[in-house]
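Have the sequence and the 3D view ready as you read.

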Amino acid sequence: MKDQIRSEYRKLRTTRTIWGLLAGLVALSGLATWGILASTSLGVSAALTALPVVVPLVMVVPVFALVLGVRAYTDEARHGSIMPTLLARPDRRRVAGAKFVVVAAAGAALALAAIVVTLVISVVWLAVDGVAVTVAAGSLAVLLVKVAALGMLWSSIGLGVGLFVSHQVAAIAGSLVWLLVGENLVEVISAGVAKVLPVHAGTALLGISAGDAAPVAPLVGAGLLAAWAALSLGAGTRAFMRRDI
Amino acid sequence: MMTTTAAPTGETRQIGSPAIVARGLTKRFGAVTAVQDLSFEVRPGQVTGFLGPNGAGKSTTMRMVLGLVRPTSGSASVLGMPYASLDRPSTAVGAVLEVQSFHPLRSGRNHLRVLAAASGIDDARIDVVLEQVGLTDAADRKAGGYSLGMRQRLGLAGALLGDPAILILDEPANGLDPQGIRWLREFLRWFAASGNAVLVSSHLLSEMAQMADALIVIDHGRLVRQGSVADLRGSRSTLRVAAPDHAALGRALLAAGLDAQRDGEAYVMSGAAAERVGAIAHAAGIALSELAMQEPTLEDAFLEMTEGAQR
């Protein structure tokens, strides 16, 4: 397993995919932070972890983490490199497991990069505006863990979708449509059902409400999102193990 | 006499025992039967050619042997066990099944680093295989910019990383220039002569005739013949004779009791000596424009076998 994880790590490092996603995520997070700070009056002091700049991350992080996860398998299926991968390591469960380890870690790293950029821009902006920023170490640590978990779980969901669907365009387009439109439609029909779906669970994890309905508790949100990740990975791995290459 | 040796995988195998064994392999894709009840063996120390028309089931068979495609029924073993059960498969089998099986934005060297890591092979081996396939100078370029021949070489470099005992190659000569094809032929001959096994499919029958020791011929997913190249090519040579007055030549051959078949402006027959046919023509006062013995070609034999199988 260690060898396969090393191989998956090398795959991640030796193409531009991860760097492109990182650049896009940082740019979008920075823009969103700038937009919010420019249009919000925060008074004379503000708690760093309670700033509204965190809100956009509930959509920005999932989008990029999801694409990262989907591409971890579908890039291989698209370019044919899955074949030498499986010739070197025929145990498909191990291959999927190694991808999960690397993708989850990379998803968490992407999410952390987004929150760090968001917070650094906020601190600088507010300092220039003369707003006193208070930082509670405990709540900052909790926020970082929550955002990292969000990135980790969404990248895992993406990997599961990629393993299940295999076709890159279909997997990315389908999952983004669900992420950006699908759950909103479900919410229109039933807010109660929507609360347990992945996007809503992710927003609950960060302690943010995604719609009119009150969100579930952050821990419940984390549990729900983890359950979706497990379901996605389970279904994806099962399909991958049965697929002819 | 059989002796035993430790295979690179750590398993013990018998020299002389088959490197690859397929038994009753069958694969159906929905209503289409790609491979049907296919059994064959590939022995070490030989280059075994895998021949068949397009769509005969060669690639599907190779993928079943390598555990990439699940057989509908039947089984395949490599060094006595299913491929998926091999402890370190890269040291047992090196395979190239597609011309492109790498990320185009990854360099050739990084592609090999990914494979080396997955197989637990030291990175130092990468330079060795790059040198072996003549790709050292292009190793740090993005593989998407490689020519077809360079892609084949990169695939082969990946297959050789684990210093395997068996090579399985699907159409490896595609895209190679004449020097590349000669290099490949000599390399595979050397590889097999070192006691290793090679299973190679190709459409280049003349190339296969020079390269292979044994052949497996399939058509419509079924085994047509398996044997040595000489056996399959056949030993019956034919005599081709032509004359400007081909009608007179035909009458003379018929009168001499020879079973000559018309082939354009010439006649072709088997079992007749050139001296006898020359004497018949001389006696009849016919000037010959051609008198040549023709050895049977693999192409003739292949077409005969596959057309026979279709009838």
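## Salt bridges and a helix contact

Glu8(A), Lys11(A), Glu76(A) and Lys99(A) are joined in a network of salt bridges. A salt bridge here is a side-chain nitrogen of Lys or Arg within 4 Å of a carboxyl oxygen of Asp or Glu. Over all chains, the structure holds 18 salt bridges.

This is a predicted model, where local features need pLDDT of at least 70 and side-chain atom pairs count only at pLDDT 80 or more, while totals for chains, interfaces and linings use all residues. Residues are numbered from 1 along each chain as its sequence is written, chains are lettered from A in the order in which they are written, and side-chain values use heavy atoms, leaving out hydrogens and water.

Here are some of the pairs:

| Salt bridge | Closest N and O atoms |
|---|---|
| Arg10(A) with Asp123(B) | 2.8 Å |
| Asp91(A) with Arg94(A) | 3.7 Å |
| Glu98(B) with Arg63(B) | 2.6 Å |

Glu98(B) and Arg63(B) are 35 residues apart and link distant parts of the chain. The pair of Arg10(A) and Asp123(B) crosses between chains. Is Arg10(A) buried or exposed? Arg10(A) is buried, with a relative accessible area of 10% (buried means under 20%, exposed over 50%, partly exposed in between, with a 1.4 Å probe and protein chains only).

Now to the helices. Helix α1 (residues 2–13) of chain A packs against helix α3 (residues 108–119) of chain B at an angle of about 165°, with their axes 6 Å apart.

Note on methods:
Axes fitted to C-alpha atoms, helices over the stretch in contact; angles between N-to-C directions. Helix = DSSP H or I, 4+ residues; strand = E, 2+ residues; numbered from the N terminus.
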